[in-house]
Amino acid sequence: MSSSSVTAWIEPYSQRLSDFSREIENCINNSNWEMLESVLASRQAYLETILSNPRPDESRDAVKQLLERLLEQDAVFQEKIQDQKNRLFELQSLLERGRRAV
């Protein structure tokens, strides 16, 4: 399989995973945690499908790069979620101090 064939073979998978990443980012930015859970479950099922289907041996490196990119994106998403969590804890602390002051 030529390099262009591998690229053509992996492109639909790459595009769909990019779509999932946009959906995940949108959920995080809008604090839509229920939808995030659904999107992550759908992405997981899609990844399992990709990895369980037979693929050309020549595509192994392309699949590996695709998954490494996904892991890098997930690390960024985890940082964003942690930042939001920290902000919520700060707001909760301010609310509790305000209640005690009243």
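Student: What makes Arg 43 and Asp 74 a salt bridge?
Tutor: Their closest N and O atoms are 2.9 Å apart. A salt bridge needs a side-chain nitrogen of Lys or Arg within 4 Å of a carboxyl oxygen of Asp or Glu. The value of 2.9 Å is within 4 Å, so the name applies. The pair links distant parts of the chain, 31 residues apart, with Arg 43 in helix H2 and Asp 74 in helix H3.

Student: What should I know about the model itself?
Tutor: It is predicted: local features need pLDDT of at least 70 and side-chain atom pairs pLDDT 80 or more, while totals for chains, interfaces and linings use all residues. Residues are numbered from 1 along each chain as its sequence is written, and side-chain values use heavy atoms, without hydrogens and water.

Student: Are Arg 43 and Asp 74 buried or exposed?
Tutor: Both are buried. The word means under 20% relative accessible area; exposed means over 50%, and partly exposed lies in between (1.4 Å probe, protein chains only).

Student: How many salt bridges does the structure hold?
Tutor: Four. One of them joins Lys 80 and Glu 25, at 2.5 Å from N to O. Lys 80 lies in helix H3 and Glu 25 in helix H1, so this pair ties together parts that are 55 residues apart in sequence.

Student: Why are Lys 80 and Glu 25 called partly exposed?
Tutor: Lys 80 has a relative accessible area of 26%. Glu 25 has 31%.

Student: What makes Arg 22 and Asp 19 a salt bridge?
Tutor: Their closest N and O atoms are 2.3 Å apart. That is within the limit, so the pair qualifies. Arg 22 and Asp 19 are three residues apart in helix H1, so about one helical turn separates them. Arg 22 is partly exposed at 47%, and Asp 19 is partly exposed at 24%.

Student: Where do H1 and H2 run?
Tutor: H1 covers residues 3–29 and H2 covers residues 33–52. H3 covers residues 60–101. Helices are DSSP runs (H or I, at least four residues), numbered from the N terminus; strands (E) need at least two.

Student: Why are H1 and H2 called roughly antiparallel?
Tutor: Their axes cross at roughly 165 degrees and come within 9 Å. Axes are lines fitted to C-alpha atoms, for helices over the stretch in contact, and angles run from 0 to 180 degrees between N-to-C directions. Over 145 degrees counts as roughly antiparallel, under 35 as roughly parallel, 65 to 115 as roughly perpendicular and the rest as oblique. H1 and H2 are therefore roughly antiparallel.

Student: What about H2 and H3?
Tutor: Their axes come within 14 Å and cross at roughly 165 degrees. H2 and H3 are therefore roughly antiparallel to each other.

Student: What is the handedness of the crossing of H2 and H3?
Tutor: Left-handed. H1 also passes H2 in a left-handed crossing. The near helix is then turned anticlockwise from the far one by less than a right angle; clockwise would be right-handed.

Student: How do you know that Val 39 is buried?
Tutor: Its relative accessible area is 4%, which is under the limit, so Val 39 is buried. Val 39 is found in helix H2. Val 39 and Phe 20 are 19 residues apart in sequence and 7.0 Å apart in space, C-alpha to C-alpha.

Student: Why is Ala 45 called partly exposed?
Tutor: Ala 45 has a relative accessible area of 39%, which lies in between the limits. Ala 45 lies in helix H2.

Student: What is the phi of Ser 31?
Tutor: It is near 50 degrees, a positive value in a residue other than glycine. Most residues other than glycine have a negative phi. Ser 31 lies in the loop between H1 and H2. At 38% relative accessibility, Ser 31 counts as partly exposed.

Student: Which residues form a nonpolar patch on the surface?
Tutor: Leu 88, Leu 91 and Leu 94, with about 310 Å² of accessible area together. Such areas come from the Shrake-Rupley method with a 1.4 Å probe; for residues, only the protein chains shown count as cover. Patch residues need over 30% relative accessible area and no salt bridge; nonpolar side chains (Val, Leu, Ile, Met, Phe, Trp, Tyr) are joined within 5 Å, like charges within 9 Å. Leu 94 is at 48%, over that 30% limit. Leu 94 lies in helix H3.
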